[in-house]
Amino acid sequence: MRWYGVLSILASLLLPTRAIFADDAFHIDYHHALLGSPQAHATFFHKPQTSTNASLLYTISDKAVLGAVNPKDGSLLWRQPLAGRPVNNASSSFLVAGERDGQIISGYGRTVACWDALNGRLVWDYTVPEGTTIHGLQAIPVGGSNTNDLPQDILVLATPDHSNAHAILSRIAGDGSGTRWEHKDSSLSPSSSASIAASSQHVYYITKSHGLLASSKAKVVTLDGTTGHEAGQTSVAVDSDPLGDGGEYSTASCSGFPFLISADKGSKSVKFSLLTNPNPKVVGLTLDDKGEDIEDITVHHACDVTAPTHFLLHIRGKTCQWAEIYHVDVKSGGATRAYLLPATEEKSAFAATGSGSSVYFTRSTESEVILYSSESHGQLGRWQKTSFRATPGISPSHTVAEVVSKGKASFAVRLAETSQSGNWSLVRNGELLWTRPEMLAYVNIAAWAEDAGPDALAEELDLESSVNPLTGYIHRVKRHLTDLVSLPSYLQGVPETIVKSSPESDAIARRNLVGTKTVILGSRRHELIALDATNAGVFQWQTDLSSHISPGAEMKSIVVDEGRAHVYLSDGALIVINASNGKVIEHQSGHGPLSNLVRIPGGPAPAAIKVEADGTPRPAEDSAAVHPLEGNTVVTISDDGKAFGWAIGQSVEKTWVLEPRDGTKIINAVARAEHDPVASIGKVLGDRSVLYKYLSPNVALLIAESHSDLTIYLIDAVTGAVLHTSTHQAIVPGTDIPAVMSENWYAYSFTSRDPATEGIATQLVIAELYESSIPNDRGPLGSRTNFSEFSVDAGVRPHVISQAFTIPEPISSLAVSQTAQGITTRQVLATLPNSNAIVGIPREILDARRPVDRDPTASEREEGLMRYFANLELDPKHFLTHAREVVGVRKIMASPSLLESTSVIFAFGHDVFGTQIAPSLAFDVLGKGFNKGQLALTVVALFAGVLALRPLARKKTVEGRWGQ
Amino acid sequence: MVAPQPKWVLELNSGLPAKSKHATSIPDPPGLSASKPMTGKQAKKSQAAGRKIPTTEETETLKLKKAWEVALAPAKQLPMQAIMGYMSGNSLQIFSIMMVFMLFKNPIQAISQTNLAFSRFESPGTRSQMLGIKAVYVLMQCLLLGLGIYKVNSMGLLPTTRSDWLAWETERQPLERAYFAFGQ
């Protein structure tokens, strides 16, 4: 049996298919390796090695992805999705950096993990008991002398998810050897809040109950840092609104002077109490009265034990923002205001940086960066922001800073800013170094925009073919004569293009051949983004629609038509946008929710049909003047998993219902793409007879799942007839069941558990549909050019041939490559979430007619059929992503390019990846191996050779004649 | 008046001269049929038999025979061509393509030059039978042509199968269309 596997690999090696050429990798593809929007409390500069001075930028995004970014160029050094894969609405996550030990400790869900700061490898991890979630993570400040060479210990607070669990505060050894001590608190209810803080000697455990019995006091339990024994307990008066990091009462824990800080909504004073005092007293800090309603207050402090005990309050008013700097008196436990930073109308972001014995505060606004010392209000440095894109309203939402003092009065500031628009950028002394488009990680819907406007040459050609031949010919001659005007400049450019074949010019030449494809993306953050899908994913425009989208609504469908993008929202509203620049043209409010949208032909324009959650379609209000054509059927899937067919004309009528068995629900449905051209309607067999393909645009594949059973229905959508069914048992619940349909075949994948061996295997099933099992037979309809689905002889079921292959890892989504005329063979594109890759499986391998248990006959071999092997190895050569790690891809889109051989691929979900593939090799374009210079040189050399040999040849002829 | 015949004519007509006495012991060179000097009546008689001028009928029979040989010559080529065809294989290579080209070129050329090939044997007496012979000749060339066609067919160059006409068959269009609201 082993030989078969080897043979199958050898056979696949012989196939002339490659996903990509080695010299095309990194040239025709692009990849935005994203983290998601960085969280303010889990983002910092940190030196991964004590020996070097270079620091890296670490963050945990709100999609729970931990990553390290090189601050020099913004490239991603490593990343680790803490939840296994990027998640939306991730629960709170924590990140602390070990001091001097090159480690980064993250806390998310139930896992505390320690990562090597330099390469992102997991050093150790620790799981908190079941039923609890990590709700606080703190590095214990290094105290004493003997701890210098040991990794810092970590303090973890796990709060209960339900009433049976306890809150546990534990100190974990920094070398991963487990807990040093634990403090259990069974009194904490899941609804109360708890937080921790640590000073060099003590650990403070702060709880406050919420709800009806809420008191205005927080309970502070002081524990001994080394033993975990309770050293004291007190209660401190706090206000309702905690102001600390991540909405906690306590803050500044990493600085050695942890304090509680809170305020009442809208009040102009802040309650402050220093925890290191044995009896914390509450100090009220009165904020400067600017005659302003205060909307929000945030605290900024330096995270350094040796740094002075200063902190900054950033106050956001209705119209202006300012900051107040306070100095803490550690002895008395009080805090006094040192100075005020002026209020500006521009939105600001503040960052506090501790550097040795001083603390710097950086204020970043839309237009400038100002550096202050915590001691006094004098500006240490001020830089205008330059080279920013001139887009108004892009103000930084939060920022972290790194301040380097160069001599006495000279400073350098690096700011990592997260802007409102989702960009994460680094500003060095006011100058923009790089920008990472982190908002692309939130894209959940996409549509291809139309190609750029009609080509002038194509228009001329159309004109010539429409008039009579003579006029057309005259027009053509005239056109060529006018073209001659540009001949001199063209001739001048020829040597240059031959000599200079820079990669840049190659890329431009390729772009001209492939054409331009723009993709319009809609994100969960209510933004529309347009990317150039053929040109390295370059940004075209970005529009924030959040002012047009009511809260709770989301984008459901984007339809691009005549240069306009129609965005349909889940509340039924419609936003029309200029597809070339992203300007909002029109906004129509909604008339009832919609779960889906379909467009059917109508007069004079296509009619949009909205589908409600129960599967009922109704014509959209914006196309009230449009009458859908009669005789069309719309297929909808309701939320409870039934399929409906509706005849849509003047009225809407239900024609059929497909209700799966009890407990079974249709979870997914696929049909052929709108643009799915078929070059040949039959498959030529080895003996040159034809197996006719069953080609119908009206077939759909419905995937129904019960608890562990999977049923696939192939239906004729007009009549509702079930053409083919297949059932699979023992499906692993919760796994993806992607499917794709094209031409006369469909493929789907599922993960099942073998009942005998308990082994889990992922299978990829391919099924091909033919008119008849007999070659040269077109079925009862024969060679008729059209047919009605309701005619007597139209109801013949297709002949289905299917084969299943076991693949080494699960597939989360499937797609198929598309070309303009369908001549090129297709590739099945599959997302592999386990290896973070996209693989293009050639249809030659994934063929349902491969002979089983025997070698192919001569005629089958002529067809290119190989012997069937149950194992389908995913050849690394077929990985479209080659060396790139593409994380969290949810959908792959394919679109034809101007070249028949090439299909444009775009994938999104978390990372954004795009490439161009040629499944039948690039048969219509010269490869990179073609050397223009060599060709020109050869021609020149031949010409020179002929010239040189001419006198010789003439002499020989003459002499030969004389010799006769 | 008849001019006196030259000497060499007389010598030729009188046959070999009588051998001298002492020359009789020398054997004749091998292959010399007239080992003995022919003399008198016997010599005269045998000379008359060897030089007899064939009659027109005889020449015509001979011509017909020759014509038949020419007409049937292509048939003799047939087995050789078949073997060559078999040996060259059915793949499209320069050798097999050239061979097929010759298989077509030669018979067609020969058929177009039928009259030329038989002009040597043309005479008023044979004309009636010649037509049949020419017909056989053309038939034989057609056999060769048939071999060529068979060869082309076995090379797969003749549009004889369904797949050769597949490009002219079109997809059936359904009168009703379904549209799917399966989401993006």
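Is N776(A) buried, partly exposed or exposed? N776(A) is partly exposed, at a relative accessible area of 31%. Here buried means under 20% relative accessible area, exposed means over 50%, and partly exposed lies in between (1.4 Å probe, protein chains only).

This is a predicted model, in which local features need pLDDT of at least 70, side-chain atom pairs count only at pLDDT 80 or more, and totals for chains, interfaces and linings use all residues. Residues are numbered from 1 along each chain as its sequence is written, chains are lettered from A and ligands numbered from 1 in the order in which they are written, and side-chain values use heavy atoms, with hydrogens and water left out.

## Chain A as a whole

Chain A has seven helices and 67 strands. Helices (H or I, at least four residues) and strands (E, at least two) are DSSP runs, numbered from the N terminus. Along the principal axes, the C-alpha atoms of chain A fill a box of roughly 120 × 85 × 65 Å. Of the 964 residues in chain A, 51% are buried.

Contacts (heavy atoms within 4.5 Å) can be sorted by sequence separation. Among those in chain A between residues at least 6 apart in sequence, 51% join residues at least 24 apart.

Chain A exposes about 43,400 Å². Carbon and sulfur atoms supply 53% of that area. Accessible areas come from the Shrake-Rupley method with a 1.4 Å probe; for residues, only the protein chains shown count as cover.

Chain A carries 80 positive and 100 negative side chains. Lys and Arg count as positive and Asp and Glu as negative, while His and the chain ends are not counted. The centres of the two sets lie 5 Å apart, with each charge placed at NZ of Lys, CZ of Arg, CG of Asp or CD of Glu.

Strand 48 of chain A spans residues 632-637, and six of its six residues are buried. In a regular strand the side chains alternate between the two faces of the sheet. On one side of strand 48 of chain A sit N632(A), V634(A) and T636(A); on the other sit T633(A), V635(A) and I637(A).

One partner belongs to chain B. Strand 48 of chain A pairs in the parallel sense with strand 2 (residues 177-181) of chain B over five bridges. Two strands pair if DSSP finds at least two bridges between them. N632(A) has R177(B) as its bridge partner there.

Strand 49 (residues 643-648) of chain A runs antiparallel to strand 48 of chain A, joined by six bridges. I637(A) stands opposite A643(A). The hairpin of these two strands has five residues between them, and G641(A) takes a positive phi near 85°.

Strand 37 (residues 527-532) of chain A is largely enclosed by the rest of the structure, because six of its six residues are buried. E527(A), I529(A) and L531(A) point one way, and L528(A), A530(A) and D532(A) the other.

| Strands of chain A | Bridges, antiparallel | Residues between | Positive phi |
|---|---|---|---|
| Strand 36 (residues 518-523) and strand 37 | five | three | H526(A), about 65° |
| Strand 37 and strand 38 (residues 538-544) | six | five | A536(A), near 55° |

## Where the chains meet

The contact takes 50 residues from chain A and 23 residues from chain B. R688(A), P697(A) and F787(A) supply 20% of the area that chain A buries against chain B, more than any other three residues. The area buried between the two chains is about 3,300 Å², counted as the accessible area (1.4 Å probe) that two parts lose on being put together, summed over both.

N698(A) lies in the loop between strand 53 (690-692) and strand 54 (699-705) of chain A. N698(A) is buried, with a relative accessible area of 0%. Beyond residues up to four places away in sequence, N698(A) touches residues of both chains, including V718(A), E789(A), P174(B) and R177(B).

Most residues other than glycine have a negative phi. N776(A) has a positive phi of about 65°, and lies in the loop between strand 59 (760-770) and strand 60 (786-787) of chain A. D853(A) has a positive phi near 60°. D853(A) lies in the loop between strand 64 (837-842) and helix 6 (858-863) of chain A, and counts as exposed at 68% relative accessibility.
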